[in-house]
Amino acid sequence: MGKTTSKKKRVLVIILCVAVVLIIAGDWVLTVTIYNENFNLRFESYEPLMLSIDDFDNLQRTKYVFPSDKGQKLTGYMYSSGENQRGIVVMAHGFGGGGHNSYMDCANYFAHNGYYVFAYDATGNDESEGEGVGGVPQGVIDLDYAISFVEGEENFPNLPIVLFGHSWGGYSVCSVLTYHPEVKAVIECSGFNSSSDLFESEGKKMIGNGIYLMMPFVKLHERIKFGKYAANTAMDGFAASDAAVLILHSSDDTVVPTDYGYDVFYEKYKDDPRFSFVRLEDKGHNYVYHDTSYVDKFNAEFDKWRETLDYDYNLEENKERFSAEKAEYIHNNLDRNRWGNMLNLELFEKFVRFYDDHL
């Protein structure tokens, strides 16, 4: 009788262990699938809104192609205007909107105010190779390779390097300091501390605190796929470098709430003279350093036009038609001069002074 009971207990333990393994494996597979569906995609800039070199006066650029970690070729451009440039700004773009094209207005400003600008498309974006981005740490990897390319390219002047990044790029320009402590200064806009923060932030909106059940699998997946780059944080980059850092964030940012970046950095470094903090109140995420008056006006006019359509643009059968007519509307009505000149000039004057002060 005792042996039979003991045997049943062993069988029960084995069944429970198998069940736990299956549950964990199922959660792992589900998490990786969701991660890839959101972060391992290819992103192209929306053609009707793309900026062109012709949208800016006296802005020149030269195309370069350089390899990243798996041999994939990345496309970058060196922007310039005028002479007596004091440094090179290496720019890292945000996630999901394509490559660096939507940051050409930033490149134009820096190029006209004393800096060369090297801006590139990360893996899986616009002109660069890659079926998909792969994951958030790829941004740090590509930036690491971009900085090394700029430093090693014989056609580039031997000038101090500073960094500028927004959102995904903001995280990247801080984390990469671990591998490039020679960088003199960094401007980080609307960024975050850890590679998994973007998954957590977006997931929390959809499933609340349930996202925390998935986070260990996200971190493990990134660590297996990207190694040291996934483990490294923005805070690690700060600790490994003497670079001056300016951090800009808006308190109403819902894409990257301040508690994933700005608040963390401020708590640690608010009294450190290396760090400057600019907290805005109502600039959101995508236009944190822009004057949005023209965007607001254009969107209002677009909404009025959309309501005049004689069909339901939400229906699947009408999506292709609506997409074509929307693109035509933008081409016909977008004021490209105003679209390419929306920067908050007061902020960008501050940015240039910040770079100048730390070369």
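User: How do β6 and strand β7 (residues 244-250) pair, in the parallel or the antiparallel sense, and over how many bridges?

Analyst: Welcome! This is a predicted model, and in it β6 and β7 pair in the parallel sense over 5 bridges. Two strands count as paired if at least two bridges are found between them, so the 5 bridges of β6 and β7 meet that cut-off. One place to look is Ile 187, which stands opposite Leu 246 in β7.

User: What pairs with β5 (residues 161-166), and over how many bridges?

Analyst: β5 pairs with β6 in the parallel sense, and 5 bridges are found there. You can find one of the partners at His 166, whose bridge partner in β6 is Cys 189. Between these strands comes helix α4 (residues 168-175), and β5, α4 and β6 make a right-handed β-α-β unit.

User: Why is strand β6 (residues 185-189) called largely enclosed?

Analyst: A residue counts as buried when its relative accessible area is under 20%. In β6, 5 of the 5 residues are buried, so the strand is largely enclosed by the rest of the structure. Both directions are covered: Ala 185, Ile 187 and Cys 189 point one way, Val 186 and Glu 188 point the other way, and all are buried.

User: What makes β3 another strand to look at, and how many of its residues are buried?

Analyst: 6 of the 6 residues of β3 are buried, so β3 is largely enclosed by the rest of the structure. On one side are Gly 87, Val 89 and Met 91, and on the other Ile 88, Val 90 and Ala 92, with both faces covered.

User: Which strand do 5 bridges join to β3 (residues 87-92), and how do the two run?

Analyst: Strand β4 (residues 115-120) is joined to β3 by 5 bridges, and the two run parallel. Gly 87 stands opposite Tyr 115 in β4, and Val 89 has Val 117 of β4 as its bridge partner. β3 is also joined to β5 by 5 bridges, again running parallel; there, the partner of Met 91 is Phe 164. With α2 included, β3, α2 and β4 make a right-handed β-α-β unit.

User: In what order do the 8 strands form the sheet?

Analyst: The order is β1-β2-β4-β3-β5-β6-β7-β8, in an open sheet with mixed pairing. β1 (60-67) and β8 (275-280) stand at the edges with a single partner strand each, so one side of each has no neighbour in the sheet. Neighbouring strands are turned by 20 degrees against each other on average, direction ignored. α2 packs on this sheet, touching β1, β2 (73-80), β3, β4 and β5, and the direction of α2 makes about 160 degrees with that of β4.

User: At what angle do helix α10 (residues 293-307) and helix α11 (residues 319-333) pack? Why is α10 called oblique to α11?

Analyst: α10 and α11 pack at an angle of about 135 degrees, with their axes 12 Å apart. Roughly antiparallel needs an angle over 145 degrees, and roughly perpendicular covers 65 to 115. About 135 degrees falls between those ranges, which means that α10 is oblique to α11. Their crossing is right-handed. Among the residues that meet are Phe 298, Phe 302 and Trp 305 in α10 and Phe 322, Tyr 329 and Ile 330 in α11.

User: How do you know that α2 and α13 are oblique to each other?

Analyst: Helix α2 (residues 104-111) and helix α13 (residues 345-357) pack at an angle of about 55 degrees, their axes 11 Å apart. Angles under 35 degrees count as roughly parallel, and 65 to 115 as roughly perpendicular. About 55 degrees lies between the two ranges, and α2 and α13 are therefore oblique to each other. The contact is made by Cys 106, Tyr 109 and Phe 110 of α2, together with residues of α13 including Phe 348, Phe 351 and Tyr 355. α2 passes α13 in a right-handed crossing.

Note on methods:
Residues numbered from 1 in each chain as written. Predicted model: local features only at pLDDT ≥ 70, side-chain atom pairs only at ≥ 80, totals over all residues. Heavy atoms only, no water. Buried < 20%, exposed > 50% of the residue type's maximum accessible area, 1.4 Å probe, protein only. Helix = DSSP H or I, 4+ residues; strand = E, 2+ residues; numbered from the N terminus. Right-handed = clockwise from strand over helix to strand, strands pointing away. Axes fitted to C-alpha atoms, helices over the stretch in contact; angles between N-to-C directions. Left-handed = near helix turned anticlockwise from the far one by under 90°. Contact = heavy atoms within 4.5 Å.
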